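Colleague: Hi! I'm new to this one, could you walk me through it?
Modeller: Happy to, let me bring it up.

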Amino acid sequence: MYTELYITEGQSEEVHTQHEVRQLETASKMDALHDAPIRCQDIFKALPDQQRPIRVVLTNGVAGVGKTFSVQKFTLDWAEGLENQHVSVVVLLSFRELNLITDEQYSLLELLHVFHPTLQKVTAEKLAVSQLLFIFDGLDESRLSLDFTNRKLLSDVTQKSSVSQLLTNLIQGNLLPSAFVWITSRPAAANQIPPTCVDRLTEARGFTDAQKEEYFRRRFSDEELSSRIISHMKTSRSLHIMCSIPVFCWITATVLEHMLTTEQRGELPKTLTDMYSHFLLVQTKRKKNKYHEGHETSPQELTEADREVLLKLGRLAFEHLERGNIMFYQEDLEQCGLDVTEASVYSGVCTEIFKRECEIFQKPVYCFVHLSIQEFLAAVYMFHCHTNRKSEVLEDFLGIDRNEDEEYDDDDDNDDDDDAGNSFLDDFLEIVMYKSLQSKNGHLDLFVRFLHGLCLESNQRLLRGLTENRPAIIQNVVNNLKDSGVKLLSEGLKSPHCTLETLSLSGCLISEEGCTSLASALSSNPSHLRELDLSYNHPGDSGMKLLLAGLKDPGWRLDTLRVEPAGVQWLRPGLRKYSCQLTIDTNTVNTNLQLSDNNRKVTHVEEVQSYPDHPDRFDGSFQLLCRNGLTGRCYWEVEWKGWSDVSLSYRRIRRKGNNQKCWFGWNDLSWSLWFNDTDPYSVSYNKIITPISSSSSSSSVSNRVAVYVDCPAGTLSFYRVSSDTLIHLHTFNTTFTQTLYPGFRVHPGQSINQSINQSFIRHMQVALQ
């Protein structure tokens, strides 16, 4: 669909000091009748009362309003012979591409040859007599420094210089003075071009009210659906204003179509934060449907499954929003822990812009589909940092000296007090607001608006998997809470002051009696509980009957009830009730690892084993994985001899090579416990090594360790086994976003007698108990 955008003479006031959304709101109140509309094809044509020829045109407009689309429309009409045929050559150079040239020096002629190989045969003499149009699209995306005060004059198209100097001399008319120049920019960056260099200033204002409706009617063939969407858009002033931006019309259409054509319940979004929260959920759901198979999940569960990647995207959005960057390169993604695959599957959120196959364009460029998406994800990340008390991130952003201000101390004794928590949030928002007011171009305004919107309970409920401080939910209260403790807890749930929504009593030794107490609490009017986890307990037939009957009671507010697995075996105290039998995946075993004892024992040997080739095999590191994919709770024990590791890993850990991307514990895909000859001595995750205290590791002569993982709770614990006693070594608290697989690494010996022969079996082995 092509909807023509209006470009009007003149420029709205305060465009350099207001956030772009505020500019849209201001423009919506203005009387634009005095502005003369002009087609994009006519921007270089002088008006009847203008004597001065139009050589340099600057078009500004907020992000996503259609500036690049206008450039494409102009170029297409010229190429098809419909408009501006007095122009011999149109040279389109986006700043996204120009940014890829760093320190190299080029002449203007060489620059044309590099970016447009079809112009290789064009000579300097030919350029001098041709009518050229240079279009520099996206000044706001430039990482170049345009210095118009630099007195280095260039008039020869074969003279080499920096790209910045080539551009300033071309705009000033020193190079090719007869060439037309068209520059597009967002308002905040437009003042990089001195007014004296600009012959015509224009502004792209996006869709008119009539064009907004036309967009939705063309988007949907279902007339009733388009009418409902248009009607809803008009009910919210902020949504109606934002729909001036074509890409926001797409976001609105995406969300409302999903909500109105599926069985998703809930009120249609009326605020920006609500709309963007739903958009993130819809895109995540679409990604899941495209790349994975699985059962339908609630929005919260869907978001939590992708929590790790979304928070990395949020960090990328936040860090570059601070710097004013809206496009990123691969190294930017990697600094935030993202790989290209992770970013690309979220194509509705973050997308690859282009990838040119020539010598200076070997790396792709990425950006969020719209600036407001970046601002929203940045706000989600910041709210996550606030709720999880990530002091370092907050202090760096807010400019707080930790030595002088203890406001963000993780050990604040008042954390459990509601008033103190509200005060902490109020102070946080106040400081963020103050910081945004210091911005000269208002680039943090919408970010702050989103941040305030995320404080609403309705939006927090939508994005609970991203914003909630999950360890703060009452879960795994205590392993031996039992029925008596549940009875006391249930009395608290009946209190009118209790607003608890999520309660996990998984593995708390609860039987029918405890379920009776909970059912009574859930039937009481004040109960706000919406999610209850009773897995790994023994509710029995009567307890199950009570709970399932209650779910049909309209007085209950409970949305989610988990009771599986269940059974009498879960009433046994201790972790061994979660024991699972591990099976080695023989397709992953490194060829220097020998299996024996019915594949229960792994030994590092000198001779290469004759395993068949397989893409899953570790070919450079002495490792293996088990077949067991873990998603619930699991416990197992390992006996070791020599330098070895016991680990948990995501399936997609790299198998080829012998580097940190393959090694357990040296990347963000695996967690590991390391042993030496006599003791466990450290744990590792993502290259962060944590020593184990000598008192914990050497308190037993047993060469056995135990591993316990609770995937839903995000905990992984290692223990030293001493007879029937478990001695705690270390616990990782995290969020597991994928299925986990147990793994082992068996190292070569550190001191070997040189007289031994090649068939000597090194005394390093792992035996599964």
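Colleague: Let's start with a helix: how far apart are E308 and K312 in α14?
Modeller: They are 4 residues apart in helix α14, which spans residues 307-323, so about one helical turn separates E308 from K312. Keep in mind that this is a predicted model. E308 and K312 form a salt bridge, with the closest N and O atoms 3.5 Å apart.

Colleague: Are those two buried or exposed?
Modeller: E308 is buried, and K312 is buried as well.

Colleague: Which residue does E319 form a salt bridge with?
Modeller: The partner of E319 is R315, and their closest N and O atoms are 2.9 Å apart. Both E319 and R315 sit in helix α14, 4 residues apart, about one turn of the helix.

Colleague: And why is R315 called partly exposed?
Modeller: Because its relative accessible area is 28%, and partly exposed covers the range between under 20% for buried and over 50% for exposed.

Colleague: How accessible are R704 and E637?
Modeller: R704 has 23% relative accessibility and counts as partly exposed. E637 has a relative accessible area of 8%, so E637 is buried.

Colleague: How many salt bridges does the structure hold?
Modeller: The structure holds 23 salt bridges.

Colleague: Switching to cysteines. How many disulfides are there?
Modeller: The count comes to 1 disulfide. C580 and C634 form it, with their sulfur atoms 1.7 Å apart. The torsion about the S-S bond of C580 and C634 is about 80°, so the disulfide is right-handed.

Colleague: Where do C580 and C634 lie?
Modeller: C580 is in the loop between β14 (560-562) and β15 (593-596), while C634 is in strand β18, so the pair ties together parts that are 54 residues apart in sequence. C580 is partly exposed, at a relative accessible area of 23%, whereas C634 counts as buried, at 4% relative accessibility.

Colleague: Now sheets. What is the strand order in the open sheet of 6 strands?
Modeller: The order is β17-β26-β19-β20-β21-β22, with antiparallel pairing. Its edge strands are β17 (623-625) and β22 (688-691), each of which pairs on one side only. The twist averages 20° from one strand to the next.

Colleague: How many bridges join β19 to β26?
Modeller: There are 7 bridges between strand β19 (residues 644-650) and strand β26 (residues 740-746), and the two run antiparallel. Within that pairing, S644 stands opposite V746 in β26.

Colleague: One more residue for me: where is V432?
Modeller: V432 is in helix α19, residues 418-437. V432 is buried, with a relative accessible area of 1%.

Colleague: What is V432 in contact with, leaving aside neighbours within four places in sequence?
Modeller: Its contacts are F397, L398, F447, V448 and L451. For V432 and L451, the separation is 19 residues in sequence and 9.1 Å in space, C-alpha to C-alpha.

Colleague: Last topic, the whole chain. How many helices and strands are there?
Modeller: The protein chain has 26 helices and 27 strands. Of its 769 residues, 53% count as buried. The accessible surface comes to about 35,500 Å², with 49% of that belonging to carbon and sulfur atoms.

Colleague: And what share of the contacts with a separation of 6 or more comes from residues 24 or more positions apart?
Modeller: Those residues account for 71% of such contacts in the protein chain.

Notes. Residues are numbered from 1 along each chain as its sequence is written. This is a predicted model: local features need pLDDT of at least 70, side-chain atom pairs count only at pLDDT 80 or more; totals for chains, interfaces and linings use all residues. Side-chain values use heavy atoms; hydrogens and water are left out. A salt bridge is a side-chain nitrogen of Lys or Arg within 4 Å of a carboxyl oxygen of Asp or Glu. Buried means under 20% relative accessible area, exposed over 50%, partly exposed in between (1.4 Å probe, protein chains only). A disulfide is a pair of cysteine sulfur atoms within 2.5 Å. Contact means heavy atoms within 4.5 Å. Accessible areas come from the Shrake-Rupley method with a 1.4 Å probe; for residues, only the protein chains shown count as cover. Two strands pair if DSSP finds at least two bridges between them. Axes are lines fitted to C-alpha atoms, for helices over the stretch in contact, and angles run from 0 to 180 degrees between N-to-C directions.
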